[in-house]
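Reader: I would like to learn how to read a protein model. Please take me through it feature by feature.

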Amino acid sequence: MLFADAHLHSNPIKGLGIKNIAKKFKSLNGWFITLVSLPPIHYGLNHDFDGYVKSVEILLRECKLAKEEGLKVKCLAGVHPADLERLINTQSLKYEDALNLAYKVLEHISTLIKNGLLDGIGEVGRPHYKTSPEGFLINEIVLRYGLKLAKDLDTVVHLHLEQCGLLTIKDLNEVLNYIPIKKHSVLLHHLDIKTGIEAYNSGFTFTLCGKSKVINEGVRKLTPTYMVESDFIDDPKRPGVASFPWEIIKNQLALINEGVVDEEYIAKLNIDNVVKFYGVNPP
Ligand SMILES: [Zn+2]
């Protein structure tokens, strides 16, 4: 059995760093990861354009190291919704300054995508927790901006979203009506089961977190059309906030061993769906 982690982060400054993560993941038959940028604050950098540029440089180095460890890697950078929310709500940055920062960072990311250094935009989207109307709306504006850029670049985008089931998916369907990006370039990341079911019904690509409880319910309720992610943030102060990359492998193997799913189902999540979404060669 081979395994993929469809969305994780690494932090070589404060955490394990991708070299250590990749070694362990590969030793457990991991073959593919999508490595996603962390907000600058995670690396101890300033929350300004320069901080973002440096954080993307760290990401690019991490992606290179992961490839050197023998993994297939897709490398995505974005402006995390929690970041923008924090900038305007906690740091009282003016709305227009926060928006302009997000636009400028995403344009920088677009240039790197055009030059073949990055493979897509991720993550942008909306907070999954209750926030101020401004914290929500600024991210809605940036979500649409990210989708437009991804459409123009014909690249993939990971969306971070609130988990409102039918409402989340209905809204996204309407947004995609006027931003005609190919639906199969959009990945809705870290969905809960109820939103996953609606995403499936609407033909969206999505990921579930490979935490025991979630994946256990996922394999019972969903056909194998999604991918599995750890959403590891590599922060020793918040261990396993989502899950560990090796934990999602262990949990899927347990489901096979317990006879809850067959190997074919797990292979679809970890190989077929990854190959289809990213256009990578199968292992
Ligand atoms: Zn993430």
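Predicted model: local features only at pLDDT ≥ 70, side-chain atom pairs only at ≥ 80, totals over all residues.

Reader: How many residues does helix H2 have, and what should it span?

Author: Helices (H or I, at least four residues) and strands (E, at least two) are DSSP runs, numbered from the N terminus. The expected span of a helix is 1.5 Å times one less than its number of residues. H2 covers residues 49-68, which is 20 residues, so it should span 28 Å; its end C-alpha atoms are 29 Å apart, which agrees.

Reader: Which residues of H2 are buried?

Author: Buried means under 20% relative accessible area, exposed over 50%, and partly exposed in between (1.4 Å probe, protein chains only). In H2 the buried residues include Gly 51, Tyr 52, Val 53 and Cys 63. The buried residues of H2 pack against helices H1 (17-27), H3 (81-89) and H4 (95-114), and against strands S2 (30-36) and S3 (72-77).

Reader: What does Asp 83 touch?

Author: Contact means heavy atoms within 4.5 Å. Asp 83 is in helix H3 and counts as buried because its relative accessibility is 0%. Leaving aside residues up to four places away in sequence, Asp 83 touches Pro 39, Pro 40, His 47 and Tyr 52.

Reader: Which atoms are the protein donors of the zinc ion?

Author: Donors are N, O and S atoms within 2.8 Å of the metal (3.2 Å for Na, K and Ca); water is not among the atoms, so sites may look incomplete. Here the protein donors are His 7 (NE2), His 9 (NE2), Glu 123 (OE) and Asp 231 (OD), at 2.2 to 2.5 Å from the zinc ion. His 9 lies in the loop between strand S1 (3-8) and H1, and Asp 231 in the loop between S8 and H9, so this pair ties together parts that are 222 residues apart in sequence. His 9 counts as buried because its relative accessibility is 3%; Asp 231 is buried too, with a relative accessible area of 11%.

Reader: How many residues does the largest nonpolar core have?

Author: In soluble globular proteins, nonpolar side chains tend to be buried together. A nonpolar core is a set of buried Ala, Val, Leu, Ile, Met, Phe, Trp, Tyr and Cys residues joined through side-chain atoms within 4.5 Å. The largest one has 72 residues, and those with the most contacts inside it are Leu 147, Leu 159, Leu 188 and Tyr 226. H4 gives the most to this core, with nine residues.

How values were computed. Residues numbered from 1 in each chain as written. Heavy atoms only, no water.
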